[in-house]
Amino acid sequence: MHRSIASLPLAPAVKVKLTAAGFDTCADLKDLRPLQLSKEASISQQEALEVLQTLRSDGNVGVVGQDRGGVTALQLLQKERAQGDIITFCSALDAALGGGVPVGKTTELCGAPGVGKTQLCIQLAVCVQIPDCFGGRGGHALYVDTEGSFLVQRAADMAHAAVQHCTLLAQDHEQRVALKDLTVESILSHLWLVRCHDYTELLAHTHLLPDFLNKHPQVVLTNQMTTKVWSGQSKLVPALGESWGHAATQRLILHWEGTQRLASIYKSPSQMEATVPYCITEDGFRDVPPDPSPSGQQSKRPRVETSPP
């Protein structure tokens with residue numbers, strides 16, 4: 001990282017601007033984002049992205065050529081078990097997923113607007129920070145927002161509910177000690193938000209993600225639904241086509257059935273297809289409350305109709 005800027009395989013005009021802006025070595029650029037570098041060095045965002053890509057390639061020289069050897073299936077199994085899962089606070093969905101959203105794999109959430117994709121993403125960003133002694137991962141979260149839909153108050157509400165939940169569960173000394181560092185403030189301070197306004201910013205941040213994922217190997221993506229028409233029939237399907245459908249390790253489809261929200265495991269290499277109900281409460285993503293009516297049957301109520309004014 002102490003390699004000089006002049007020695008990098010960049011356009012001469014770009015190297016001149018970087019040097020004039022006070023960037024002498026690669027270490028001077030490592031913490032910058034493309035937009036920031038573009039402004040400070042008076043270069044385009046595309047040029048800034050190319051500089052950071054070149055810097056990353058330069059830092060990885062020799063790594064690809066190293067003999068890393070193979071691994072056994074047993075080692076892979078032990079690694080997966082050690083990584084664990086991230087709970088969703090919906091026990092029905094956690095059970096269907098085999099314990100929660102798996103770490104080390106890519107999960108895609110699909111669904112129409114308003115069904116709860118953002119709510120579940122925020123919930124996971126909070127739950128990943130729950131200490132290990134409470135069944136969490138004790139990790140950090142990076143939320144990449146391309147729509148401006150992230151709601152910080154919802155994150156605070158869910159963090160408050162998570163702290164209260166762990167407080168009620170605390171029994172041994174380890175858990176009581178962990179509670180001292182588990183606060184709403186600590187959860188929010190370990191949840192980073194990146195707002196991408198265009199594809200250039202999104203590509204730039206995607207390029208920088210490996211550094212974060214090396215320590216926090218879990219990715220959740222969201223996807224909208226689109227209408228597919230064939231033979232005169234129409235159906236809502238995940239957007240971006242069939243090829244994109246192979247990119248994620250597993251796919252969950254959030255959808256409505258009347259007024260009930262449902263989560264369906266549409267694709268998973270390890271879990272059977274399943275559909276479970278869930279609800280969005282003030283505390284976050286949760287199980288549907290049990291039916292209070294006798295024998296679990298819905299009570300029939302007379303329909304109340306109001307005459308038009």
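Start by selecting R251: at 7% relative accessibility it counts as buried (buried means under 20% relative accessible area, exposed over 50%, partly exposed in between, with a 1.4 Å probe and protein chains only). E108 and R251 form a salt bridge, with the closest N and O atoms 2.7 Å apart (the rule asks for a side-chain nitrogen of Lys or Arg within 4 Å of a carboxyl oxygen of Asp or Glu). This pair ties together distant parts of the chain, 143 residues apart: E108 sits in strand β3 and R251 in strand β9. Helices (H or I, at least four residues) and strands (E, at least two) are DSSP runs, numbered from the N terminus.

A word on what you're looking at: this is a predicted model, where local features need pLDDT of at least 70 and side-chain atom pairs count only at pLDDT 80 or more, while totals for chains, interfaces and linings use all residues. Residues are numbered from 1 along each chain as its sequence is written, and side-chain values use heavy atoms, with hydrogens and water left out.

Stay in β3 (residues 106–111) and pick T107. T107 is buried, at a relative accessible area of 1%. What does the side chain of T107 make a polar contact with? Show the side chain of Q250, 3.2 Å away (a polar contact is a pair of N or O atoms within 3.5 Å; within protein, one must be able to donate a hydrogen and the other to accept it, and residues adjacent in sequence count only if both atoms are side-chain atoms). Leaving out residues up to four places away in sequence, T107 also touches others, including V101, P102, V219 and L252 (contact means heavy atoms within 4.5 Å).

D157 is partly exposed, at 24%, whereas R154 is buried, at 14%.

Next, the core. Select L93, L191 and Y278, which touch the most other members of the largest nonpolar core, a set of 41 residues. Such a core is a set of buried Ala, Val, Leu, Ile, Met, Phe, Trp, Tyr and Cys residues joined through side-chain atoms within 4.5 Å. Elements supplying at least two residues each include α5 (91–96), β4 (141–145) and β11 (275–281); α6 gives the most, with seven. Centre on L191 and, leaving aside neighbours within four places in sequence, you'll find A125, Q129, A141, Y143, F150 and A155 in contact with L191. Apart from this core lies another, of 16 residues, L10, F23, A48 and L52 among them.

Two aromatic pairs turn up in the whole structure. For one, show Y278 and F285: their ring centres are 4.6 Å apart and their planes at 20°, so the pair is stacked (centres within 6.5 Å make a pair of Phe, Tyr or Trp rings, Trp by its six-membered ring; planes under 30 degrees apart are stacked, over 60 edge-to-face, the rest tilted). Both residues are buried.

Most residues other than glycine have a negative phi. S42, in the loop between α2 (34–41) and α3 (45–59), has phi near 60° and is exposed, at 54%. F89, in the loop between β1 (85–86) and α5, has phi of about 70°, but is buried, at 13%.
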